[in-house]
Amino acid sequence: MTRYIVGRIIQAIAVLWAAFTLSFAILYLLPSDPMQLQLAAAGVQEDSLTPTQLAAEKHKFGLDQSIWVQYWHHLSGYLHGDFGTSLAQSVPVSHLISQRIGQTLLLSVSAAVVSLIAGSALAYIATFVQWDPLRIFLTRLPALGASFPQFFIALFLIQFFSFKLGLFPATGTAGVGSLVMPVITISLLTSSLLAQVLIKSFEQTLRQPYITTARAKGLSRSAVQFRHVFRNAALPAMTILGVIVGLTVTSSIIVETVFTREGVGRLAQESVLTQDVPVVLAVVTIAAAVFVLVNLVVDLLYPLFDPRISHGRAAKVRVPSAVPEVSAR
C-alpha cells in the first residue's frame with residue numbers, strides 16, 4: 001500500500017513538473033522577442049530606451065541571464081510559493097490570484113456538485129425507465145448537451161433568463177442569483193459527459209450474470225438497482241471525476257469572461273491580452289496542480305469502491321480506461 005501511494009505521488013509530481021516546464025517553454029521560448037513582450041506588458045516602448053536603460057530593463061526582468069537560469073529561477077520560486085511579480089500591475093502574482101480564487105472555487109465546486117447530481121440522476125432514469133420512447137430520448141440527451149459550445153450556452157442563458165425574463169443578473173458576482181447561469185453553463189457539458197459514461201456502465205452491469213442471479217433470488221427491481229447495479233457502476237464516475245474537475249477549471253476562463261465574474265479565469269484572459277507572462281504561467285500551473293491532485297485522490301479512492309484493486313507489491317492495479325465491467329463475488 002505504501003509503495004503504491006509513494007509511486008502515485010511521484011507520478012503526480014512528475015506530471016506537475018512536466019506541465020510547468022511545457023508552459024514555461026511555450027511562454028518563454030516562442031519565436032518572439034521576450035524583451036519586447038516584457039516591455040509592452042509594462043507599458044514601455046523599446047525604441048525610447050537608451051542601450052544603458054535597455055540593459056537595466058533586461059536585468060530587471062532577468063532576461064540578461066540564460067534561459068536555463070531563468071527556468072531554474074522560476075521553478076525554485078514556485079517551490080517556495082513565489083509566483084513572481086505581475087508585469088502589468090507590478091504586484092505579486094500570488095496577491096492577484098488570492099483576490100480572485102474564492103469566486104473561481106465557488107463556481108467550480110458548485111458546478112461540479114450540480115454535474116454529479118444531474119448526470120447521475122439522468123443516467124439512472126435513462127437506464128431504468130420502462131417506457132421505450134422516453135428511455136431512448138433520455139439516452140440520446142447527453143450527446144446533445146455535450147455538443148453545444150459553452151459560449152453559445154452562456155449567451156443564450158443571458159438573452160433568455162436575464163434580458164427577456166429578468167430572473168438573473170447578466171454579469172457580476174453579487175448574490176446567489178449571479179451564480180445560477182454560470183453554473184448551468186459549465187454543468188451542462190460536464191453532467192452530459194458523466195451521464196454518457198454512467199449510462200453505458202449501467203447497461204453493461206445489467207448484463208452481468210450476478211444481476212440475473214439476484215433477480216432469480218427474488219430481489220425487487222429497486223433492490224437490484226440500488227444494491228448491485230448502482231454501486232458496481234460507480235467506479236466510472238470516479239474515473240471521470242478528474243476530467244469533470246479539469247473541465248470546470250478550464251471552463252471558468254470562458255464563463256467568467258462572458259458573465260464578467262472577477263475570478264482566476266478572467267484574470268488569465270486579461271493577462272493573455274496584456275501579455276503578462278508571470279500571471280499566465282502561475283494560473284496554468286495552479287490549474288494543472290488542481291487537476292493532478294484530484295486525479296491522485298481518485299486513484300487512492302479506487303479500493304473503497306472495488307476491494308479487488310490491490311496495492312500489493314506483486315499485484316497489478318487495474319484502473320478502468322472508460323467503463324469497467326465489475327462483477328460481485
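My entries follow, starting with the ground rules.

This is a predicted model, where local features need pLDDT of at least 70, side-chain atom pairs count only at pLDDT 80 or more, and totals for chains, interfaces and linings use all residues. Residues are numbered from 1 along each chain as its sequence is written, and side-chain values use heavy atoms, with hydrogens and water left out.

**Entry: α6 and α8.** I looked up how helix α6 (residues 132-145) meets helix α8 (residues 177-206), and their axes come within 8 Å and cross at roughly 140 degrees. Helices here are DSSP runs (H or I, at least four residues), numbered from the N terminus. Axes are lines fitted to C-alpha atoms over the stretch in contact, with angles from 0 to 180 degrees between N-to-C directions.

**Entry: who touches whom.** On the α6 side I found Leu138, Thr139, Pro142, Ala143 and Gly145, and they meet Leu188, Leu189, Ser192, Ala195, Gln196 and Ile199 in α8 (contact means heavy atoms within 4.5 Å).

**Entry: Ala121.** Which helix holds Ala121? I found Ala121 in helix α5 (residues 93-128). Ala121 and Ala195 are 74 residues apart in sequence and 8.2 Å apart in space, C-alpha to C-alpha.

**Entry: α7.** I noted Gln150, Ile153, Ala154, Leu157, Ile158 and Ser162 as the buried residues of α7 (buried is under 20% relative accessible area, with a 1.4 Å probe and protein chains only). Just after α7, Gly166 takes a positive phi of about 65 degrees.

Conventions
Helices (H or I, at least four residues) and strands (E, at least two) are DSSP runs, numbered from the N terminus. Buried means under 20% relative accessible area, exposed over 50%, partly exposed in between (1.4 Å probe, protein chains only).
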